[in-house]
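Okay, thanks for having me, everyone.

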Amino acid sequence: MSNDTAAMIVDSAVYKTLLESTLAIPWKIDWETLRFAYIGPQIERLLGWPQGSWLSIDDWVERMHPEDRERVVNFCVAQSKAGIDHEADYRALKADGSYVWIRDVVHVVRDDDGEVESLIGFMFDISERKQTEERLLRLQRELEALSYQDGLTGAANRRRLDAVLETEWASGRRSGRPLSLIMLDIDCFKQYNDRFGHLAGDDCLRRVVEVVGTSALRPRDLLARFGGEEFALVLPETDRDAALRVAQRCRALIAEAAIAHPASEVSPLLTLSMGVATALPSDVVAPTWLLETADRRLYRAKQGGRDRIVAE
Ligand SMILES: Nc1nc2c(ncn2[C@@H]2O[C@H](COP(=O)(O)OP(=O)(O)OP(=O)(O)O)[C@@H](O)[C@H]2O)c(=O)[nH]1
């Protein structure tokens, strides 16, 4: 044995030890036969399938989450055919039936003629990273939801109301369907607070949201807290008569809820005043027209003695 050969044998033993002692799992696939030429023994520790059970690319495909399979296989095959190094994240099936997130980093090896000869790569266990990513995504979604929600009542907040009004206005302009808005305000709420205290006032606001929330039943309807004890109900694709019926239902539901309000000037039970506005969204009038008109009508409902609806 020459010194060079002996050195090569020592080198390959060193490489093998190095490869098989890393957390990343090395592998090699022969491109012509699509069979595993090698896979690190660490694979058994990670996935539970013995080293010798990885025979062909089919074993790799079958041990992949069905939802990831098509995307990952199509992508890897296309990149390999094009001779492009690539990486893919997917869930690998463990022998116990659970899944592990894997990042496969693939190098395409070509022969002297430039033909693809084999694929070599490393599989990395990225479950922890994925879990962190998912946690962050969940937090982000929660934060997003919170930033569109009124903290006290859980109704949509002013920001969400403005955004929904804009999109529903645009949608109404396309569809030619009317958009309605009801402004609702609790009657003599100052006296309620004065009588029962601010915390009881907060509870009352929550209760009103709960009750009014059941009066508009379509998925696109939106109840938002406009500020203080004033709320807005957005009713897409709803004409004036239908909006008036929703307002009447609100009034009836609040009466049915029978929230005691002995300090009210209007009734011993809590009541609402409402202004209803309907528009055919067009380029001429802005969505603020709805807010202003409903608010003006609400003011007239207050002036007219409260506990009433003004719709024109
Ligand atoms: N508890 C509580 N009260 C609030 C909140 N926001 C606004 N208010 C109270 O709502 C009351 C609104 O008073 P006004 O604007 O005079 O209205 P009102 O007493 O309902 O009278 P009318 O609307 O004319 O019937 C004030 O006392 C505010 O302090 C809140 O988040 N919680």
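So, the largest nonpolar core has 45 residues. By that I mean buried Ala, Val, Leu, Ile, Met, Phe, Trp, Tyr and Cys residues joined through C-beta atoms within 7 Å, where buried is 20 or more other C-beta atoms within 10 Å of a residue's own, with C-beta atoms placed from the backbone. Leu-181, Ile-182, Leu-233 and Met-274 have the most contacts inside this core. Strand β6, residues 179-186, gives the most to this core, with 6 residues; strands here are DSSP runs of E, at least two residues, and helices are runs of H or I, at least four, numbered from the N terminus.

Quick housekeeping: this is a predicted model, so to speak of local features we need pLDDT of at least 70, and side-chain atom pairs count only at pLDDT 80 or more, while totals for chains, interfaces and linings use all residues. Residues are numbered from 1 along each chain as its sequence is written.

Now the sheet. It's open, with 5 strands in the order β7-β8-β6-β9-β10 and mixed pairing; strands pair if DSSP finds at least two bridges between them. β6 and β8, residues 230-235, run antiparallel over 6 bridges, and Ile-182 has Leu-233 as its bridge partner in β8.

Last, the ligand: 16 residues surround it, with Asp-187, Phe-189, Lys-190, Gly-201 and Gly-228 the closest. To be in that shell, a residue's C-beta atom, placed from the backbone, lies within 6 Å. Which element gives the most to the shell? That's α8, with 4 residues.

Methods:
Buried ≥ 20, exposed ≤ 12 C-beta atoms within 10 Å, placed from the backbone.
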